Amino acid sequence: MELIVPILILFAIILALAVFLSFVPLGLWISSLAAGVNVGIFTLVGMRLRRVVPSRIVNPLIKARKAGLGVSVNQLEAHYLAGGNVDRVVNALIAAQRAEIDLSFERAAAIDLAGRDVLQAVQMSVNPKVIETPIVAAVAKDGIEVKAKARVTVRANIDRLVGGAGEETIIARVGEGIVTTVGSSESHKAVLENPDLISRTVLNKGLDSGTAFEILSIDIADVDVGRNIGAQLQTDQAEADKRIAQAKAEERRAMAVAKEQEMKAAVQEMRAKVVEAEAEVPKAMAEALRQGKVGVMDYLNMQNIQADTQMRDSISKSGKSETTSKDKK
């Protein structure tokens, strides 16, 4: 019974010490003292209370102080609470200092909070990046398609990283410059002979304005001849004109056929009228004989005249048929 009380006291002390060490980063405080960075123990406890991971602040602070940077705990903690990457910002500041690039902590923090990789930007300022554009097709004035691919060497512009356009804008502007240069050329041969014409035209346009990069050079990696767009357009136009002409001819033919059918119907109608008129002749003759306007002898003379006329017609038709058969032989 006497041993239980000391054991409980020892257990309570160990438990209290464990809770204290878990809440108070004593090891991190000792590390900062060993590195010559004055970070108070109460400052570390305050970080715990503000839900800040002390190691995310102290380790970058030690690194910055060893590199000779004059950053403070409050600056790093404020950047961490704003959602920034403290370690990456400190690494970028160290890299900028070694490369003799003027970069302040406020600028680096702003670039990081803007969503850009500030360390990569510093590295790109020292070591320029090559951006390869996709194949851009353009048509010269002679109708020949020219396909070109360019390599753009860019360097990050620290001052324009916040609010500046990215690589997609550079690629789009270079493609626009290629299309403009090829399109203004009188012949595709001029582009093939002088590919640097594209580079000079694109560089003179100042395509890096408003972007986060500075264009150092534009090199045409490949130039190739594509299709004959002009000839293809002329062929398509000729084919379209032919189809239009065929449609108009078909329309005229249909109208002619319709007109022919109308004329045939008119002929049949006139024949019907003739037959109707001929049917009235016997009636008129009978009425004239009945009323005594025409005598019997007059009627017989008319019959003789008609018979004589029919005989003459038959003789003339037979003579024409014999002449036609002789000509055919």
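Helix axes are lines fitted to C-alpha atoms over the stretch in contact, and the angles between N-to-C directions run from 0 to 180 degrees. This is a predicted model, in which local features need pLDDT of at least 70 and side-chain atom pairs count only at pLDDT 80 or more, while totals for chains, interfaces and linings use all residues. Residues are numbered from 1 along each chain as its sequence is written, and side-chain values use heavy atoms, with hydrogens and water left out. The protein chain has 13 helices and 4 strands, which are DSSP runs numbered from the N terminus (helices H or I, at least four residues; strands E, at least two).

**Overall burial and contacts**

- Of the 329 residues of the protein chain, 27% count as buried, where buried means under 20% relative accessible area, exposed means over 50% and partly exposed lies in between (1.4 Å probe, protein chains only).
- Among contacts in the protein chain with a separation of 6 or more, 67% join residues 24 or more positions apart, a contact being heavy atoms within 4.5 Å.

**Helix packing around H4**

- The axes of helix H3 (residues 41–49) and H4 come within 9 Å and cross at roughly 135°, which makes H3 oblique to H4; angles under 35 degrees count as roughly parallel, over 145 as roughly antiparallel, 65 to 115 as roughly perpendicular and the rest as oblique.
- This contact is formed by Leu44, Met47 and Arg48 of H3 together with Pro54, Ile57 and Val58 of H4, and its residues divide into 5 nonpolar, no polar and 1 charged. In this classification Ala, Val, Leu, Ile, Met, Phe, Trp, Tyr, Cys and Pro count as nonpolar, Asp, Glu, Lys and Arg as charged, and the others, Gly among them, as polar.
- Helix H2 (residues 26–34) packs against helix H4 (residues 54–67) at an angle of about 10°, with the axes 10 Å apart, so H2 is roughly parallel to H4.
- On the H2 side Leu28, Ser31 and Ser32 meet Pro54, Ser55, Val58, Asn59 and Ile62 in H4, and by class this contact has 4 nonpolar, 4 polar and no charged residues.

**The largest nonpolar core**

- The largest nonpolar core has 58 residues, and those with the most contacts inside it are Leu93, Leu103, Val174, Ile178 and Val182; such a core is a set of buried Ala, Val, Leu, Ile, Met, Phe, Trp, Tyr and Cys residues joined through side-chain atoms within 4.5 Å.
- Helix H6 (residues 86–98) provides the largest share of this core, 7 residues.
- Leaving aside neighbours within four places in sequence, Ile178 is in contact with Val136, Ala138, Ala148, Ala150, Ile198 and Val202.

**Individual polar and charged residues**

- Asp112, in helix H7 (residues 105–113), is buried, with a relative accessible area of 8%, and its side chain reaches the backbone nitrogen of Asn85 at 2.8 Å.
- Apart from neighbours within four places in sequence, Asp112 is in contact with His79, Gly84, Asn85, Arg88, Val89 and Val118.
- Thr211, found in the loop between helix H11 (196–204) and E4, counts as buried at 0% relative accessibility, and a polar atom of its side chain lies 3.2 Å from the backbone oxygen of Phe213.
- Not counting residues up to four places away in sequence, Thr211 touches Arg160, Gly164, Ala165, Thr169, Ile170 and Arg173.
- Ser217, in strand E4 (residues 213–228), counts as partly exposed at 23% relative accessibility and, leaving aside neighbours within four places in sequence, is in contact with Arg151, Val152 and Thr153.

How values were computed. Polar contact = N/O pair within 3.5 Å; in protein donor to acceptor, adjacent residues only side chain to side chain.
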